[in-house]
Amino acid sequence: EKHHSMSGSVPAAPLLAVDCDRWTIHAPPVSTVTTDQQSTVEERCLRLYTQHLGPEGEPLARQDVTFNREEHVHYLLRGLEELSAGYQALDASRPWLCYWILHALDLLGHELDAALGSRVVNFIRRCQDPRGGYCGGPYPGQLPHLAPTYAAINALIIVGTEEAYNSIDRDKLYDFLLRRRGEDPGSFTMHDDGEADVRGVYTAIAVASLTNTLTDELRAHAAGWIARCQTYEGGLGGEPGLEAHGGYTFCGVAALALLGPGPEGLGCLRSAPLLRWLASCQKRLEGGFHGRTNKLVDGCYSFWQGGTFAVLGQTQGEEEARVASALARGGLLGDEMDSDGRWLFDQGALQDYLLVCGQMAKGGMRDKPGKEADFYHTCYCLSGLSVAQHSTTSSGVPQLSHLPYGEASKLVRIEPRYNISAAKVDNAHRFFSKLPLPAR
């Protein structure tokens, strides 16, 4: 095979020839903007990989790759205390910044200082609207919105103190969630007079599930509405009739998993095309995932796609197990992949992408080579890394960790339906399960 190169895309040093199809760049028959961008990304990844290619039979010397844990922690702690002027565009996403940073720190095993945790709680309390839900910044000044509400609740669950739990006005939160129900039965709008899409259903169901406010009134028709978002490809779009997308697929699948395993939950989806579409989104050379057909790899989809496998694996029923077993036997995903102990994607290749191509020496994780680190990608790259490291059996029993980069790279196991560490979710459920459902 000849390596396809673009003028000015990467340094002109020769590529190391490796007798492995994964490390070969296939020149497209026709050059377009899309194919040129894909070739550029492949070249940038391959040049990083060639720095760690080992002897024959071991194409990647993973033992030579360092996981920059301390650098990631320092990068995140700096962001929690102070942000540069470039983050002004995220002024309406301040609970998200708290969640992205806190979750990444939690995955890295960093214990949050009690005083700092209390400051986070106090800030998020200021974002709580008097009528329920959370705004993108301190109230007044912004509207309550389902997206920052989800981020705020997740951040409080990660802080994990009684102060954090008790700061949530559950009665007003429940009223806010009820007001988000859309005109199309089963849908949820993101805010007053806002759009209704799969994010709305997921964030409402997830928040209600965490805080013990999930009632039949909130559940009603949600599964049927989500099922209408499944496309001919197998993934889910943002709303009925739209293109399959990794982020929306995760939201729909996770919401259904929280609703249950039967026809009013995950049982309403066509599992075979869903699993095939998810598997097809992993990139051959890069090892990471893209979010839509014919799109570029992006580190955040390590969680949005990889985490969807984990959600399905946690709640796998007979039909999903049958499909997963058939896929593995058919060789679609490699001989070592099966439905009892490994997700149906190449967990080692995903870790290759995240640790060789995704992490920055100075701390933080990025979308792809050529990009800078940011808190969003750091959160979801580390979330995807945790998914790739930890599997469960088809009955939901945790498996031994899959750690090709050794114990030094090991992260905390997450509960993929919420993307919060499993221990923090358990603590929250124990606390809120003792409280009664909100009264109307």
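This is a predicted model: local features need pLDDT of at least 70, side-chain atom pairs count only at pLDDT 80 or more; totals for chains, interfaces and linings use all residues.
Colleague: Which residues line the second largest cavity?
Modeller: The lining is made up of Arg131, Leu143, Pro144, Phe176, Arg179, Arg180 and Asp192.

Colleague: And how much space lies in there?
Modeller: The second largest cavity holds about 40 Å³ of space, and it belongs to a structure with two cavities of 30 Å³ or more.

Colleague: Changing topic, where is cysteine 127?
Modeller: Cysteine 127 sits in the loop between α4, which covers residues 114-126, and α5, which covers residues 146-159.

Colleague: Is that cysteine 127 buried or exposed, and why?
Modeller: Cysteine 127 counts as buried because its relative accessibility is 0%, and the cut-off for that class is under 20% relative accessible area.

Colleague: What does cysteine 127 touch, leaving out residues up to four places away in sequence?
Modeller: With those left out, cysteine 127 touches Pro95, Gly133, Tyr134, Cys135, Gly137, Pro138 and Tyr139.

Colleague: How far is cysteine 127 from alanine 152?
Modeller: Cysteine 127 and alanine 152 are separated by 25 residues in sequence, while their C-alpha atoms are 8.4 Å apart in space.

Colleague: Now helix α16, how many of its residues are buried?
Modeller: Helix α16 spans residues 347-358 and is mostly covered, with twelve of its twelve residues buried; among them are the charged-type residue Asp352 as well as Gln347, Gln351, Tyr353 and Cys357.

Colleague: Which residue caps the N-terminal end of α16?
Modeller: Aspartate 346 caps that end, with one of its side-chain oxygens 3.2 Å from the backbone nitrogen of glycine 348.

Colleague: Zooming out, how many helices and strands are there in the protein?
Modeller: The protein has 18 helices and four strands, and buried residues make up 57% of its 440 residues.

Colleague: Last one, what does the accessible surface come to?
Modeller: The accessible surface of the protein comes to about 18,400 Å², and 51% of that belongs to carbon and sulfur atoms.

Notes: Residues are numbered from 1 along each chain as its sequence is written. Side-chain values use heavy atoms; hydrogens and water are left out. Helices (H or I, at least four residues) and strands (E, at least two) are DSSP runs, numbered from the N terminus. Buried means under 20% relative accessible area, exposed over 50%, partly exposed in between (1.4 Å probe, protein chains only). Accessible areas come from the Shrake-Rupley method with a 1.4 Å probe; for residues, only the protein chains shown count as cover. A polar contact is a pair of N or O atoms within 3.5 Å; within protein, one must be able to donate a hydrogen and the other to accept it, and residues adjacent in sequence count only if both atoms are side-chain atoms. On a 1 Å grid over the protein atoms alone, a cavity is a set of points where a 1.4 Å probe fits but cannot get out, and a pocket is an open set with protein on both sides within 12 Å along at least five of seven lines; lining residues have an atom within 4 Å of a point. Grid points are joined across faces, edges and corners, and a volume is the space filled by probe spheres set on the points. Contact means heavy atoms within 4.5 Å.
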